[in-house]
Amino acid sequence: MIFTLNAATVDVDAHPMKRLLDVLREECGLTGTKEGCGEGECGACTVLIDDAAVCACLVPFAQVRDARVTTIEGLGGDHPLQRAFAEEGGAQCGICTPGMIMAALPLGEKPSLRKVREGLAGNLCRCTGYEAIYRAVRKA
Amino acid sequence: MKGVIAGLEMREPSSLDEALSAMRNDPSLVPLAGCTDLYVALNFGTLESTRFLNLWSIDELRVIEKSNDALSIGALTTYKSIIQSKLVRKRLPMLISAAREIGGAQIHNRGTLGGNIANGSPAGDTLPVLAAADATVVMRSADAERRVPLTQFYTGYRKSVLRADELIVAVEIPSFSGKQWFRKVGTRAAQAISKVVMAAVRSPRPRIALGSVAPTVIRLPMTEGALEEGAPIQEAQRILMDEISPIDDMRSTEEYRRRVASNLLGRFWAETE
Amino acid sequence: MHASKIASPLAVGRNVPRKDSAEKVAGAAKYVDDLVFPGMLYGRTIRSTIPRGRIAATRLAFDQRGFVVADYRDIPGRNVVALIEDDQPFLAEREIRHTAEPILLLAHESRDLLLRAHVEIGYERENPVLDPESSPTAFKSLAIDKGEIEDGFSEADIIIEGEYRTGHQEHIYIETNGVIAVPQDGGITLLGSMQCPFYVHKALKSMLGWSDERIRVVQTETGGGFGGKEEYPSLIAGHAALLALKANRPVKIVYDRAEDMIATTKRHPAIVRHRTGVKRDGRLTAMDIDIVMDAGAYVTLSPVVLSRGAIHAAGPYRCDHVRVRGRAMMTNTPPNGAFRGFGAPQTQFAVEVHMERIAETLGIDPVKLRETNAFRPGDTTSTGQILGEDCSALDVLRRAVRRSGFRTRQRRYAGTNRGIGLALFYHGSGFTGGGEVRLASKASLGLTERGVQILVASTEIGQGTRTMHAQIVADALGVPFDDVYPVQPDTSNVPDSGPTVASRTCMVVGRILQQCAEEMKTRLGGMTPREFFAAHGPMIVTSEYEGPSGIKWDDSTYRGDAYSTYAWACDVAEVEINPDTFEVRPLKLTCVHDIGKAIHPVLVAGQIEGGTAQGIGYALIEQVVMREGSMANAQLTNYTIPTTLDTPPIDVVIVENPSRYGPHGAKGVGELPIDGPAPAIVNAVRSIGIDLREIPAVPEIVMKAIDLGKGKTDARHVPL
């Protein structure tokens, strides 16, 4: 099945009902997308499909046919959001960080605190109390 | 993740007609779309079906439009599209309130109105809105289309009149006037399942619908009638407490649900004066 | 590169870049579930479905081709998880003491086939003990006595009693527990998410009956711990090892969220009863405290949790006559274990809400009551420890009151559905009493081509171990921060620095590293590390913990210096109660914490903000629903932790009143922040006129408290 993964066209053979999360981690070797619950509650597996944040644990692989999927690896490591998370202590244990950054991406540059809190309500972090994450997202 | 993928089958129709004929030929097919409920069941290993029909790419079910004087919302409309729709904002703002509170951005982008109806949870957040708005569920099979009021759609806990060869294709909301009101009481401020959820319309005959207080979403005809006849709100609240049948579960208690439902009625009444 | 003689800016006290940021923000850091080994199988644990009884029969109802199956008979050494008491088996033999107890292990290369495999277990059921207060078995009882309690009561004008309850709490590290076992060359390597590699090493040695060097334990990047990965990973590692040795292939066991919640440890629920004698002016004359903790089915760390809880039970208050009695009771529920705070959040919740009730009863302002009684330098604690100048109780209290505008808000909120409350609390740093001396932790520094390598068993679990240790070493050696680098904790490569628990990683292990660095500096004899390496090659310096002189502790009487220092804090909570739904919404928390020295202010703030958020969840929404001894709401959908919208602004103030013993004066910071939010929030709710004494204060509990208050003739105004 053909889709666009981090700006490259890829052809991946996997069961159409396999979770996108597992396809990314196992077939594509992209382990930056994490599993925290499998229920769509924690947001650790957040990736973008056609620029919209989704939980990859709730997406059947078949549904990304011809779509653009962006994972944390697609940001390259030096994206302003990534730099801001590093500088502001937004990443502690780091397991929620890729999902948090992917959920923050659609919020655009320098979003308001209210927009950040609402936009990240689907991403759980147990380390930071979110304060450092707000500082990072608002800075980027 | 306890779900087993091997052995599951997925059909991928490219149009509504194709989907309906697939369902006619094979009633064991279970439709799936945003998967925000279905894949949770897959994760818990509680998915009973093994054969699925992927509706996600059927864009003809994503239309929000005025149809005669009614507002018609396609079954595959996501919460995100509802939140962004000017038409919905104008006609049914309480649906926007419900959609906003249903989950985080990730759920907004995937969850669909038709899915919320088909899933049939008594805690489904859009259902009281649709019930209070006198919405009609439009169902279609390969042979026919039929319309059933949402209040008659459910026949019991997670049971409905929807047949195995039918799809929910849209919801129609007739035009109405009166102040709309919505309140969700969940286990936390975001990403929560409702303990009590209420939608209401302040019109000469008020319309009041509640979720999570009975096996299905319910309207409260006796409470509505009392208010229409000018009963004091305290009396309407007493009637409401008798009219609902909440239970204790892991999320809340019967007593809490009864009391809070009554308080919400009072708040609705005070805020829509 | 030329060796620079220009002094680098000091690293300590600055927000230098985290050593692990780049990998974490890139998604490149490797957690256990990200690792795959050739020929690897997946492992699955078959667990009991009853809380108490005996296994009658076991039947494997599936096609066993390609499966590896292990049970207790495959254990070559001892079938006990070596910790405090040897009571918990790796795999049940006959007796079942709790739901989700491991019985049988399966492994297969196909996860689908593994999940489909059906095992039937037949049981002879017995009646479970689910109420800790009616349990016949106490795993641990202890007593702390200071003065003569009856003398204290006879001095009192009034005696005030109360009972306070706290519930289970689930850790919800976002990375679930997991271990991979890799058999090789007659030994085995265990890689996993864990806090304490040497705990796993010890447990595996005993289970396998092997010598030290055949077992290697490596910590992989760990997605949060909070105590939940202190003792539990030993069990999973044992399971993975048994399967891997039987299969002679690598085996990965990673729990899904539901299994992690149902099977692993939680915070001990507690019932704490206070009976307190006070003078009319608020002075405490006698504190009589009874603690019951629900330990669950096996001892695990319960004696130590109870101990820390008991030592902190009288709060940061001077009182000449104190009696504390504590019991950790066995119940047929999954064992409770380590969780940030380790018993202190439960007992300090009780004493702080009780202090509020004393203030209410006497009609004294809650700040004034605490000012009257707060510890000052020179005061003695319940164990008889004389506090030094590093005691900041009064200071943090006054700063928090000022910073939060407590008085103004108190007046502004009067008669509304908003309230403000505070909690004054403290937390002992490091192991209790002689624990650190017994541990005799070691740390090493290695001089390498790349610079200076930190060799410790202390794990990075998000709190910033790697960065903070490197800062301390860099400054002690006088080298740039970038020249110091951490290594992955690996029992074959690092000395045993003790477990990463008890707020000890900076204060205790950081201090040992500082000693190493000082010694290395002497040995460098004025050369830079690079110059020395070029001339003489590698060097390793190892140092061992030295107990501070003059610290005395008697474990049999609970008398003496319980901790070499304490960190002090005051939290102020502002809340609003929804009159329709009884939901308590926190509006703001002000947290003033004296942690001695902030080696890295951003990391310290991160600990305080994160611990406070976890404390808010503990106070208000995190409810473990137990049914027949099993967690009924074991999903993140139904066990809810705070989201962005549940977490209010947290205003953190760091106070630096140094300890003599920690590096640069640092005290422990990891656990302190979880002790305060719950009592501060409940006291804020109390200020509205609701007699709340229990957490989690979910709306259903708040509703009951309001109803009970309305039934009383002396109930204060409830604006609802």
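Me: In what order do the 4 strands of the open sheet in chain C stand?
Reply: This is a predicted model. The pairing in the sheet is mixed, and neighbouring strands are turned by 25° against each other on average, direction ignored. The order is S19-S18-S17-S20.

Me: Which strands of this sheet stand at the edges, each with a single partner strand?
Reply: A strand with a single partner has one side left without a neighbour in the sheet. In chain C that applies to strand S19 (484-486) and strand S20 (539-544).

Me: In S18(C), which residue is the bridge partner of Leu447(C)?
Reply: Strand S17 (residues 442-447) and strand S18 (residues 452-455) of chain C run antiparallel and are joined by 4 bridges. Leu447(C) has its bridge partner in S18(C), and that partner is Val452(C).

Me: Which helix of chain C packs on the sheet?
Reply: The helix touches S17, S18 and S20 of chain C. Its direction makes about 140° with that of S20(C). It is helix H14 (residues 505-524).

Me: What area is buried between chain A and chain C?
Reply: The contact takes 42 residues from chain A and 46 residues from chain C. Carbon and sulfur atoms give 53% of the buried area. The area is about 3,500 Å².

Me: Which side chains meet in a salt bridge at 2.4 Å, N to O?
Reply: Between chain A and chain C the count is 6 salt bridges. A salt bridge requires a Lys or Arg side-chain nitrogen within 4 Å of a carboxyl oxygen of Asp or Glu. The pair at 2.4 Å is Asp34(C) and Lys34(A).

Key: Residues are numbered from 1 along each chain as its sequence is written. Chains are lettered from A and ligands numbered from 1 in the order in which they are written. This is a predicted model: local features need pLDDT of at least 70, side-chain atom pairs count only at pLDDT 80 or more; totals for chains, interfaces and linings use all residues. Side-chain values use heavy atoms; hydrogens and water are left out. Contact means heavy atoms within 4.5 Å. Buried area is the accessible area (1.4 Å probe) that two parts lose on being put together, summed over both. Two strands pair if DSSP finds at least two bridges between them. Helices (H or I, at least four residues) and strands (E, at least two) are DSSP runs, numbered from the N terminus. Axes are lines fitted to C-alpha atoms, for helices over the stretch in contact, and angles run from 0 to 180 degrees between N-to-C directions.
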